[in-house]
Amino acid sequence: MSDDVSTEPSADQPTFRSGFVCFVGRPNAGKSTLTNSLVGSKVAITSSKPQTTRHAVRGIISRPDAQLVVIDTPGLSKPRSLLQERLNDLVHQTWSEVDVVAVVFPANQHVGPGDEYLVGELAALARRPRLVALATKSDLVGPDRLAKHLVEIDALQEKLGVRWEHIIPCSAMTGAQVDEVADVLVSLLEPGPAYYPDGEITDEPTETLVAELIREAALEGVHDELPHSLAVEIDEMRPREGRPADHPLVDVFASMVVERDSQKGIMIGHKGERIKQVGIDARRQIEALLGTPVHLDLKVKVLKQWQSDPRHLNRLGF
Ligand SMILES: Nc1nc2c(ncn2[C@@H]2O[C@H](COP(=O)(O)OP(=O)(O)OP(=O)(O)O)[C@@H](O)[C@H]2O)c(=O)[nH]1
């Protein structure tokens with residue numbers, strides 16, 4: 001058998017399709033969870049706190065008939081800092097590059113002004129991708145509420161001048177209709193070759209994923225304001241020298257960057273209890289990601305106003 005992926009249709013082989021999809025929706029709508037569920041492995045961080053996805057993490061779904069590259073963008077919000085402006089630019093740019101945008105409307109919340117703002121921004125794009133509406137978290141509501149929700153989503157077409165190719169209820173939590181979502185997204189892709197080798201689930205640099213896992217662990221149990229002020233920087237990551245081949249160890253040196261001394265205190269916690277727990281939680285996740293034991297060295301650094309300082313933003317990869 002040849003390794004080449006044929007893009008030519010033939011009698012016994014369906015046309016191979018490939019392309020890029022991006023999930024958009026209000027904060028906490030379930031975009032990351034759905035991405036993970038579609039990809040079947042943990043590549044985008046999920047959290048019960050809004051606005052925690054900062055990087056365009058791609059999950060790659062490889063099937064015999066298609067390859068779908070999922071791009072997970074940060075949420076759009078009113079630009080109050082240079083960071084938010086850059087994030088919004090990144091979102092618009094991503095939308096104009098993908099084949100399909102799937103707009104996510106959680107079934108346990110009414111379609112509201114925030115959703116209309118988002119869909120309006122999509123309607124205004126010069127190059128508009130094909131649009132799909134997903135009624136996520138369908139497990140949280142009964143059939144009557146779900147039906148009303150679908151009607152609310154449908155009504156946006158006329159109101160805002162967009163066209164949904166499909167409206168699909170689904171739940172990333174129970175897995176209901178997740179395969180249907182994948183099938184529909186694939187059906188909207190153009191014929192094309194696979195972009196990535198089979199078995200690859202993400203092309204995010206490993207360091208970015210490791211930083212995201214540390215951020216996720218650090219955000220567990222902290223109050224509202226801190227998530228926006230926290231970034232994680234990997235200072236160094238390398239296999240420990242002199243280890244036997246069958247007992248490798250990876251050293252990870254990372255800094256949790258906050259904006260104020262008071263936040264540094266919160267991150268470290270009473271007698272260092274918090275940072276210790278973050279280290280334990282993050283190390284477990286990183287070991288699962290890398291498949292090797294890890295030594296994690298965490299510290300907290302204060303960079304005053306890093307969100308509004310271009311030099312800091314550049315350094316932290318925004
Ligand atoms: N019951 C239920 N909960 C869900 C479902 N999908 C996501 N959640 C929960 O909703 C919360 C937010 O999910 P995320 O996937 O992080 O949401 P997001 O849209 O990526 O959030 P941002 O990164 O803030 O934009 C988490 O607590 C999830 O566990 C679902 O299908 N059903």
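The following numbered points comment on the predicted model shown above.

1. Confidence. The chain has a mean pLDDT of 83, and 82% of its residues score at least 70. Residues 1-9 fall below 50, and this stretch makes ten contacts in the model beyond near neighbours in sequence. Residues 48-55 are likewise below 50, with 22 contacts beyond near neighbours in sequence. Where pLDDT is low, the predicted coordinates should not be read in detail. For the complex, the predictor reports an ipTM of 0.97 and a pTM of 0.66.

2. Overall content. The chain contains ten helices and ten strands. It has 318 residues, of which 34% count as buried. When contacts between residues at least 6 apart in sequence are considered, 69% of them join residues at least 24 apart.

3. Helix α4 and its buried side. Helix α4 spans residues 143-160, 18 residues in total, and extends 26 Å from its first C-alpha to its last, close to the 26 Å expected at 1.5 Å a residue. Its buried residues are His149, Ile153 and Leu156. These residues lie on the same side of α4 because they cover an arc of only 40° around the axis. An α-helix has 3.6 residues a turn, so residues three or four places apart point the same way.

4. Surroundings of α4. After the helix comes glycine 161, with a positive phi near 75°.

5. The three-stranded sheet. Strands in the order β8-β9-β10 form an open sheet with mixed pairing. At its edges are β8 (231-239) and β10 (294-302), each of which pairs on one side only. Neighbouring strands of this sheet are turned against each other by 15° on average, direction ignored. Strands of a sheet pair through backbone hydrogen bonds, either parallel or antiparallel. Here, β9 (residues 250-258) and β10 run parallel and are joined by nine bridges. Valine 258 is placed opposite valine 302 of β10.

6. Helices on the sheet. Helix α6 (residues 206-219) packs on the sheet and touches β8 and β9, its direction making about 130° with that of β8. Helix α9 (residues 273-290) also packs on the sheet, where it touches β9 and β10; its direction makes about 130° with that of β10.

7. Threonine 33. This residue belongs to helix α1 (residues 31-39). Is threonine 33 buried, exposed or partly exposed? Threonine 33 is partly exposed, because 19 other C-beta atoms lie within 10 Å, whereas a buried residue needs 20 or more. The C-alpha atoms of threonine 33 and alanine 172 are separated by 6.2 Å, although the two residues are 139 apart along the chain.

8. Glycine 265. This glycine is found in helix α8 (residues 261-268). Glycine 265 counts as partly exposed because it has 13 C-beta neighbours inside 10 Å, while a residue with 12 or fewer would be exposed. Ten residues along the chain separate glycine 265 from isoleucine 275, and their C-alpha atoms are 9.9 Å apart.

Key. Residues are numbered from 1 along each chain as its sequence is written. This is a predicted model: local features need pLDDT of at least 70, side-chain atom pairs count only at pLDDT 80 or more; totals for chains, interfaces and linings use all residues. Helices (H or I, at least four residues) and strands (E, at least two) are DSSP runs, numbered from the N terminus. The expected span of a helix is 1.5 Å times one less than its number of residues. The arc is that of the directions from the helix axis to the C-beta atoms. Two strands pair if DSSP finds at least two bridges between them. Axes are lines fitted to C-alpha atoms, for helices over the stretch in contact, and angles run from 0 to 180 degrees between N-to-C directions. Two residues are in contact if their C-beta atoms, placed from the backbone, lie within 7 Å. pLDDT is the predictor's confidence in each residue, from 0 to 100.
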